[in-house]
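Keep the sequence and the model side by side while reading.

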Amino acid sequence: MAGQEIVHRGQIIDQDTYLALRSMEAFYSKTQKKTKDEQLCQIAGHVVYVAMIVVCLLIFFTQFRPGYLSSGSTVLFITVMTLIFPLITYTLVKHVPSAYIAFVIPYCIVPIFVCVFLDSRTAYMMHLCSLLLSAVAVSYPFEFIITQCVAGLVAVYSMKQLSQRSELFSTVIFLTIASLLCYLGFDLINMSFFSTEGLDRVPYFLIVANGVLLLVSYLLLFPFEKMFHFTSNVTLIELSNTNNEILRRLAEEAPGTFQHSMQVANLAAEVANKVGANSQLVRTAALYHDIGKIKNPAFFTENQSGINPHNELTFVHSARIIIAHVRDGLELAEKYKLPSAVSDFISTHHGTSKAKYFYISYMKKHPGETFDEAPFTYPGPNPSTVEQAILMMADAIEASSRSLKEYTEETINNLINSIIDSQVSEGYFNECPITFASISRAKKVFREKLKTIYHTRISYPEMESNK
């Protein structure tokens, strides 16, 4: 009230007095007009502060995540997620009188969404930058930054990749509890329990409301995914459901190809787990990589039952039909609106290799003759990611393993080594960041899995009939 004494000389400043002084300061800072020089100075300070944080974020991406800067949609996503909450904070603080209003804003959407679409390290870095940009506007910047930083850490630790709705629910519960305990710690430090008016419950209610808003944020995942052309684990899991229309068609019209795809999915996912790649992505992509065979299933050996239509065709014609399953698969992927993260595997699982059976057969029939190799060559491109390289290896190994006459440790080892070494020597992996160590681990996994799949059984003795 006007004329009311807030504090007199020599009085100890308690929490209530401190809040009253801060309230008076905030009031006068809004009502008193700043000079032009003061306004320019304040604007310059904000520009310098924001520029320093943006530069730090750019250095992080340049040093540790340069690949993200090459994608326009990813750069736009990073920009939006970094700036949206500072803008919301400035707007709310300006129009809402409560000193604690920032605690209701669900800042942890940033680490959760970035974890889902990018990675955990990037998620926390962006969360931290978003908080530092927002802290300028809030009344209690220290408590605000620490509380939200702790909540962000809990979010990153408890949810690396969202695959089920229950994971988001448990993450929100954990980070809400962590935020409440963190703010309670500040109240204990400031001895708010012993103030005349007791503990201020408003921040705690706002933190709980923050958790509720985070739960509602799950609804934003799908539009963000479509807007920025990402593919989340939730989408991949939904696509891997074999009741999806295109996979049902594959199982009915090309059952051999469907079984081959299932085996390739298991092999590739196991390798991806061992080398630190995205196992869910490679598993889902493996189920769809051969969907183009639906158009001419009888021309592929896994779907044949004694009749081979290639016997009536030339080698060139047969090769074109076999290679066309890549183009047909891409057309089906577009028809059924498969995300590019999955459809890219359709075009790269053979890379720029050749339909070797018909290519070698043609060479044997026309020795010494120069001919156009294009009809025998897949259109590509070659794999550009570790996951695509794994699928290429798994597809070739699974298909070739069916033609082995004898399943022994030696024949399986020779098959795996010859296929993968050939792919490496022909340069199919030159454009993807797979290492020799990862290839070595992949060979080991393929050996173990194939020996398990094609293990021999002992012969059971038969009862001799009594004569």
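The model is predicted. The count of cavities of 30 Å³ or more comes to 1. The volume of the largest cavity is about 60 Å³. Its lining consists of Phe-103, Cys-108, Gln-148, Ala-151, Leu-175, Thr-176, Ser-179, Ile-207, Asn-210 and Gly-211. Three helices, α6 (141-158), α7 (165-189) and α8 (202-216), each give at least two residues to that lining. By class, the lining of the largest cavity splits into 5 nonpolar and 5 polar residues, with no charged ones.

**Helix pairs**

| Helix pair | Axis distance | Crossing angle |
|---|---|---|
| α4 (residues 109-117) and α6 | 9 Å | about 25° |
| α17 (residues 386-401) and α18 (residues 409-425) | within 10 Å | roughly 140° |
| α18 and α19 (residues 436-453) | within 10 Å | roughly 145° |

Take α4 and α6, whose axes meet at an angle of about 25°. That angle makes α4 roughly parallel to α6. Their crossing is right-handed. On the α4 side, Pro-111, Ile-112 and Cys-115 make the contact, and they meet Gly-152, Ala-155 and Val-156 of α6. This contact of α4 with α6 has 5 nonpolar residues, 1 polar residue and no charged residue.

Next come α17 and α18, which cross at roughly 140°. The two helices are therefore oblique to each other. The crossing of α17 and α18 is right-handed. From α17, the contact draws on Met-392, Met-393, Ala-396, Ile-397, Ser-400 and Ser-401. From α18, the partners are Leu-415, Ile-416, Ile-419, Ile-420 and Gln-423. The contact of α17 with α18 holds 8 nonpolar and 3 polar residues, and no charged ones.

Helix α18 has a further partner in α19, and the crossing of α18 and α19 is right-handed. The α18 side supplies Glu-409, Ile-412, Asn-413, Ile-416, Asn-417, Ile-420, Asp-421 and Val-424. The α19 side supplies Phe-436, Ile-439, Lys-443, Phe-446, Arg-447, Leu-450 and Lys-451. How many charged residues does the contact of α18 with α19 have? There are 5 charged residues, alongside 8 nonpolar and 2 polar. Ile-416 and Ile-420 of α18 take part in the contact with α17, and Ile-416 and Ile-420 are also listed in the contact with α19.

**Loops and backbone**

Pro-381 sits in the loop between α16 (356-365) and α17. The peptide bond from Gly-380 to Pro-381 is cis, and its omega is near 5°.

His-229 lies in the loop between α9 (221-227) and α10 (233-239). Its phi is positive, at about 60°, although His-229 is not a glycine.

Tyr-68 belongs to the loop between α2 (36-64) and α3 (72-95). What does Tyr-68 touch, leaving aside residues up to four places away in sequence? The set is Phe-61, Thr-74, Val-75, Ile-78, Leu-118, Asp-119 and Thr-122. Leu-118 is 50 residues away from Tyr-68 along the chain, yet their C-alpha atoms are separated by 8.8 Å.

Technical notes
Residues numbered from 1 in each chain as written. Predicted model: local features only at pLDDT ≥ 70, side-chain atom pairs only at ≥ 80, totals over all residues. Heavy atoms only, no water. Axes fitted to C-alpha atoms, helices over the stretch in contact; angles between N-to-C directions. Helix = DSSP H or I, 4+ residues; strand = E, 2+ residues; numbered from the N terminus. Parallel < 35°, antiparallel > 145°, perpendicular 65-115°, else oblique. Left-handed = near helix turned anticlockwise from the far one by under 90°. Contact = heavy atoms within 4.5 Å. Nonpolar A, V, L, I, M, F, W, Y, C, P; charged D, E, K, R; others polar. 1 Å grid on protein atoms, 1.4 Å probe; cavity = no way out; pocket = protein on both sides within 12 Å on 5 of 7 lines; lining within 4 Å. Points joined across faces, edges and corners; volume = space filled by probe spheres on them.
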